[in-house]
Amino acid sequence: MIAPLPPGLAVHVAADEAATVAALAERVVAEIAAAIGARGRCRLALAGGSTPRPLYDRLAAGLGGPVDWAAVEIFFGDERCVPPEDPASNYRMAREALLDRVAVPEAQIHRIEGERPPEEAAAAYAGRLGLAPLDVVLLGLGEDGHTASLFPGTPGLRQETRPVVVTVSPAPPAARISLSLRALCAARCALFLATGARKAAPFARVAAEAAREAAGGAPADLPAAMVRPAGGAPGFYLDAAAARESPWRIP
Ligand code: 6PG
């Protein structure tokens with residue numbers, strides 16, 4: 001008998017990065033369509049870092065399926081406190097890989113102004129975000145178990161009531177602006193993309209903590225394991241390399 005997999009996460013493992021990205025692109029397209037069908041628009045938050053670039057490229061090429069981009073509002077899970085043209089800017093990466101290639105109206109792209117004083121930029125972004133929940137939040141996984149710019153050991157992550165926070169990253173650029181855990185958990189759908197051997201150990205820890213919490217055990221310590229969207233268990237899209245230290249490893 002095959003042992004049941006741990007609860008608390010919805011995990012999708014594909015053989016390699018390309019197959020994982022293809023599967024997630026189709027899921028994102030389906031979630032966008034569902035949101036537009038239900039509410040006439042989709043509030044989509046993009047992940048930063050380097051992992052999502054092939055996903056955005058695939059979405060821009062229409063390979064995940066057609067998207068009514070005119071009905072999509074673009075937000076960002078987090079931003080480094082750098083100007084938009086800085087190579088470290090998550091906005092710049094999203095522009096290059098996706099936003100300059102699809103027809104999202106400019107007024108519907110809500111950039112975190114990393115060039116402004118962080119508290120000012122966070123307050124302005126919170127104003128753009130408003131009170132409605134995000135429909136889809138795309139997230140990455142850091143090697144220390146962070147997600148967006150919510151880092152392990154940050155006090156008050158679970159107690160924070162604001163939707164947008166200023167944080168400090170152990171890796172440069174240090175100053176960050178991030179959706180709070182509260183905002184991430186208010187989302188209807190959270191989808192993580194983690195690929196490559198570097199993500200095997202952090203995902204194994206996240207999976208163990210999420211299963212522990214889901215089974216009524218001690219609450220998770222890693223921010224990536226704390227994300228429990230209102231709409232259901234977070235989806236993790238992994239390649240075999242990232243899943244290899246977890247119960248979802250491909251034999
Ligand atoms: C950021 C991201 C961050 C990222 C992880 C993984 O601004 O860096 O929001 O949470 O998703 O650090 O980064 P890589 O995809 O580059 O491994």
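**Note on helix H6 and the overall fold**

1. The buried residues of helix H6 are covered by, among others, strand S1 (10–14), helix H7 (223–226), strand S9 (235–239) and helix H8 (240–243). The model under discussion is a predicted one.

2. Which residues of H6 are buried? They are Ala200, Pro202, Phe203, Ala204, Val206, Ala207, Glu209, Ala210 and Ala211.

3. The length of H6 may be checked by simple reasoning. The helix comprises 15 residues (residues 200–214), and at 1.5 Å a residue these should span 21 Å. The C-alpha atoms at its ends are 21 Å apart, so the expectation and the model agree. Just after H6, glycine 216 adopts a positive phi of about 90 degrees.

4. Along its principal axes, the C-alpha trace spans about 55 × 40 × 35 Å.

5. Of the 251 residues, 51% count as buried. Among contacts in the chain with a separation of 6 or more, 77% are accounted for by residues 24 or more positions apart.

6. The surface and the charges deserve a remark. The protein chain exposes about 10400 Å², of which carbon and sulfur atoms supply 57%. How many positive and negative side chains does the protein chain have? There are 25 positive and 27 negative side chains, and the centres of the two sets lie 4 Å apart.

Key:
Residues numbered from 1 in each chain as written. Predicted model: local features only at pLDDT ≥ 70, side-chain atom pairs only at ≥ 80, totals over all residues. Heavy atoms only, no water. Buried < 20%, exposed > 50% of the residue type's maximum accessible area, 1.4 Å probe, protein only. Contact = heavy atoms within 4.5 Å. Areas by Shrake-Rupley, 256 points an atom, 1.4 Å probe, with all protein chains shown as cover. Lys, Arg positive; Asp, Glu negative; His and termini not counted. Charge placed at Lys NZ, Arg CZ, Asp CG, Glu CD. Helix = DSSP H or I, 4+ residues; strand = E, 2+ residues; numbered from the N terminus. Expected span 1.5 Å × (residues − 1).
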